[in-house]
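Me: I would like to learn how to read contacts between charged residues in a protein model. Could we work through some examples?

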Amino acid sequence: MPGPLKITTPVDGETYSRITQFYAHQMQLLDERAAEEWADGFTEDGVFAQNVKPEPWTGRAVIAERMRAGMDRLATKDVQRRHWFGMVATERQDDETVLTRYYAMVYETPRGGRATTYLSTTGEDVLVLQDGQWRVKHRLITHDGT
Amino acid sequence: MPGPLKITTPVDGETYSRITQFYAHQMQLLDERAAEEWADGFTEDGVFAQNVKPEPWTGRAVIAERMRAGMDRLATKDVQRRHWFGMVATERQDDETVLTRYYAMVYETPRGGRATTYLSTTGEDVLVLQDGQWRVKHRLITHDGT
Amino acid sequence: MPGPLKITTPVDGETYSRITQFYAHQMQLLDERAAEEWADGFTEDGVFAQNVKPEPWTGRAVIAERMRAGMDRLATKDVQRRHWFGMVATERQDDETVLTRYYAMVYETPRGGRATTYLSTTGEDVLVLQDGQWRVKHRLITHDGT
């Protein structure tokens, strides 16, 4: 994790609101366990890396499949997870490419229980604009405490 | 809870910032226990529903009265609650109507104690623009773990 | 803490996205323990006050020095803190001055451990625009539970 972005050209307000809404929608799909729709937020050749995994997931089809398997395992625990992204900083690379760095918290509520913090992470994305829709070309999630 | 919005027309950046600031201001009023000012964020015929309540509160006057009663009960516990909205996705219906779906977390700090997570929920609003001000026509809050 | 801002002129979407990104970047610098770069987000005569401190830190140089000392003390605990700002309400004073009121949560993850909530606060800033960059002229952080 190379640290905060060197910001010289943050995105404009219009783009910022679109990226924010993309993140909101994509994480809501994840938390509803819609693995394939969530994976559609990656480019076809997209990469999803986490510092706690031995290797990245590469390609939308693989990303969908691996996430579906993770969701199936999670289904055996009767909990609701919620992924929050926040503190999103951006740096525009070109008209169709934006770098972001942000925090992502995961909360977990067991059936009949109280919400707890589950995980604190930092995310670093390369986003690209395709047919008017932002997608993730590369995402690196770095878990705190590791 | 029907799941994530089908998004075809997210609101523009200007509207997104206004809605975000409306949510911030309305929840700050709630957490300062300004029940009537908070209720002013609903339309006169507004509805506030929660999946854990047997029936919705209907009409701004009723909403204010019920929230005031809830705040009076809470005052016997010496805690500070903070309502955070985040991950706000939007779908524009028409010039004066926007649907939103978002996450809402409530944190609680006891006097002299440490902050804890209190509640994780999902919100679904129908917002309408009245005299330049966004207000809630219908809000459904669904609690996680229920 | 005088309570929620009296909002008559919230900032436009473009300004809102710049302030949001300024907050994101400044807090990412803090959490990477870049005290001097974080302090650069204050004006040279900036003030950083917290209700739990006997007196405010005045001037960017003092703010940097005191934060560096705090970070050095924190380094003896093997934890990662994350500062989240949210629920940002704004009121424009003039072309180069904006008042904000927001919530700030701090999360903490120990090495090898699970994320926890550490602190819930409310922030009130006077922001000024200098050479195209927003900076803090005055920040008051009020801790919940105090």
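This is a predicted model: local features need pLDDT of at least 70, side-chain atom pairs count only at pLDDT 80 or more; totals for chains, interfaces and linings use all residues.

Me: What is the general idea behind a salt bridge?

Reply: Side chains of opposite charge can pair when their charged atoms come close. In this structure, a search over all chains finds 34 salt bridges.

Me: Which parts of chain B does the salt bridge between B:Asp40 and B:Arg135 tie together?

Reply: First the distance: the closest N and O atoms of B:Asp40 and B:Arg135 are 3.6 Å apart. B:Asp40 sits in the loop between helix 2 (35-39) and strand 1 (42-50) of chain B, and B:Arg135 is in strand 6 (residues 133-143), so the pair joins parts 95 residues apart in sequence.

Me: Is B:Arg135 buried or exposed?

Reply: The cut-off for buried is under 20% relative accessible area. B:Arg135 counts as buried because its relative accessibility is 14%.

Me: Where do B:Lys77 and B:Glu108 lie in chain B?

Reply: B:Lys77 is in the loop between helix 3 (60-74) and strand 3, while B:Glu108 is in strand 4, so this pair ties together parts 31 residues apart in sequence. The two form a salt bridge with closest N and O atoms 3.5 Å apart. B:Lys77 is partly exposed, with a relative accessible area of 38%, whereas B:Glu108 is buried at 7%.

Me: How many salt bridges are there between chain B and chain C?

Reply: The count is 2. One of the residues to look at is C:Arg101, whose side chain meets that of B:Glu32 in a salt bridge (3.1 Å, N to O). C:Arg101 belongs to strand 4 (residues 97-110) of chain C and is buried, with a relative accessible area of 1%. A polar atom of the C:Arg101 side chain also lies 3.2 Å from the backbone oxygen of C:Gly3.

Me: How do I read the rest of that interface?

Reply: Begin with the residues in contact, then the area, then the residues that supply it. Here 28 residues of chain B are in contact with 33 residues of chain C. The area buried between the two chains is about 2300 Å², and carbon and sulfur atoms give 56% of it. B:Gln21, B:Gln28 and B:Trp84 supply 30% of the area that chain B buries against chain C, more than any other three residues.

Key
Residues are numbered from 1 along each chain as its sequence is written. Chains are lettered from A and ligands numbered from 1 in the order in which they are written. Side-chain values use heavy atoms; hydrogens and water are left out. Helices (H or I, at least four residues) and strands (E, at least two) are DSSP runs, numbered from the N terminus. Buried means under 20% relative accessible area, exposed over 50%, partly exposed in between (1.4 Å probe, protein chains only). A polar contact is a pair of N or O atoms within 3.5 Å; within protein, one must be able to donate a hydrogen and the other to accept it, and residues adjacent in sequence count only if both atoms are side-chain atoms. Contact means heavy atoms within 4.5 Å. Buried area is the accessible area (1.4 Å probe) that two parts lose on being put together, summed over both. A salt bridge is a side-chain nitrogen of Lys or Arg within 4 Å of a carboxyl oxygen of Asp or Glu.
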